[in-house]
Amino acid sequence: MDLSLDDTANDDEYEQLTAAQVLERLEESWVNERLSPYLLETQQEVVDCLLEQCQTVEDNFSQASSFAVGIHQLEIQRIKYMVTDYVRTRLKKIEKHTEYALEEELVKDDQSVPHLSPAEFVYAREFHRNTRDHLTEMALKHMPSAFQNLDKQKSMSVPNLNTFIFFKVKEDVNDVQVDPRETPVDLSKDEIHISKYLPIAPLLEQTKIKLV
């Protein structure tokens, strides 16, 4: 998906959003990312779109009054804080579950939605290689040969997808299997529920709910 703030563009491959809508999407993505136990779909296009818009506003400061500049600077600082924390949160998850994240991306087909941006995938790959090389150099090569190889499945850090989270329903959803031991339930807009993450993860990806 490509984002554009140009209301005059008619190319079907662009989703036309106002600056306020893009900012709202960033805020929601930021909160969801902070509260979810694992990486969500990358929102790099939202980040790039907003940063480009911030740069455009900053370039036009010379044409604005000092009062307007001060207001705009406060808003730009707020946006940059959200972007920075969003990226930092994702990097922490990548570093914690590097092998798992790489394995997940490698088995996806062309139709699957990537959780890592191209830059994040490169970072994860380099981080994994450097961590492995450091461990080998500092510890493994000094051990008996029988202990120099790590069991990949045992050493891989896997996120706990059964952790409990709170979520708010953004639109009515019927027949949701929140708990496999119970009957499906209907979720109504604006309701707040608590559930394990895994059963409601598809709804989060479809933006039918948001984490709170």
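Colleague: Is L102 buried or exposed, and what is its relative accessible area?

Modeller: Please keep in mind that this is a predicted model. A residue counts as buried when its relative accessible area is under 20%. L102 has a value of 10%, and therefore it is buried. This residue belongs to helix α4, which covers residues 98–106.

Colleague: How many helices and strands does the protein chain have, and in what order do they run?

Modeller: The protein chain has seven helices and seven strands. Read from the N terminus, the order is β-β-α-α-α-α-α-α-β-β-β-β-α-β. The radius of gyration of the protein chain is 21 Å, whereas the globule rule gives 17 Å for 212 residues; the value is well over the rule, so the chain is more spread out than a compact globule.

Colleague: What box do the C-alpha atoms fill, and what share of the residues counts as buried?

Modeller: Along the principal axes, the C-alpha atoms of the protein chain fill a box of roughly 70 × 50 × 35 Å. Of its 212 residues, 31% count as buried.

Colleague: Which residues gather in a patch of negative charge on the surface?

Modeller: In such a patch, like charges are joined within 9 Å. Here the patch consists of E41, E45, D48, E52 and E205. Helix α2, residues 44–59, gives the most to the negative patch, with three residues. E205 lies in helix α7, which spans residues 197–205.

Colleague: Why does E205 count as partly exposed?

Modeller: The class partly exposed lies between the buried limit of 20% and the exposed limit of 50%. E205 has a relative accessibility of 47%, and therefore it counts as partly exposed.

Colleague: Let us turn to the backbone. What is the phi of D190, and where is this residue placed?

Modeller: D190 has a positive phi of about 80°, although it is not a glycine. Its place is the loop between β5 (185–187) and β6 (192–196).

Colleague: What is the phi of T207, and where does T207 lie?

Modeller: T207 has a positive phi of about 55° and is not a glycine. T207 lies in the loop between α7 and β7, the latter being residues 209–211. With a relative accessible area of 44%, T207 is partly exposed.

Key. Residues numbered from 1 in each chain as written. Predicted model: local features only at pLDDT ≥ 70, side-chain atom pairs only at ≥ 80, totals over all residues. Heavy atoms only, no water. Patch = residues over 30% accessible without salt bridge, like charges linked within 9 Å, V, L, I, M, F, W, Y side chains within 5 Å. Areas by Shrake-Rupley, 256 points an atom, 1.4 Å probe, with all protein chains shown as cover. Salt bridge = Lys/Arg side-chain N within 4 Å of Asp/Glu carboxyl O. Lys, Arg positive; Asp, Glu negative; His and termini not counted. Charge placed at Lys NZ, Arg CZ, Asp CG, Glu CD. Helix = DSSP H or I, 4+ residues; strand = E, 2+ residues; numbered from the N terminus. Buried < 20%, exposed > 50% of the residue type's maximum accessible area, 1.4 Å probe, protein only. Rg over C-alpha atoms; globule rule 2.2 N^0.38 Å.
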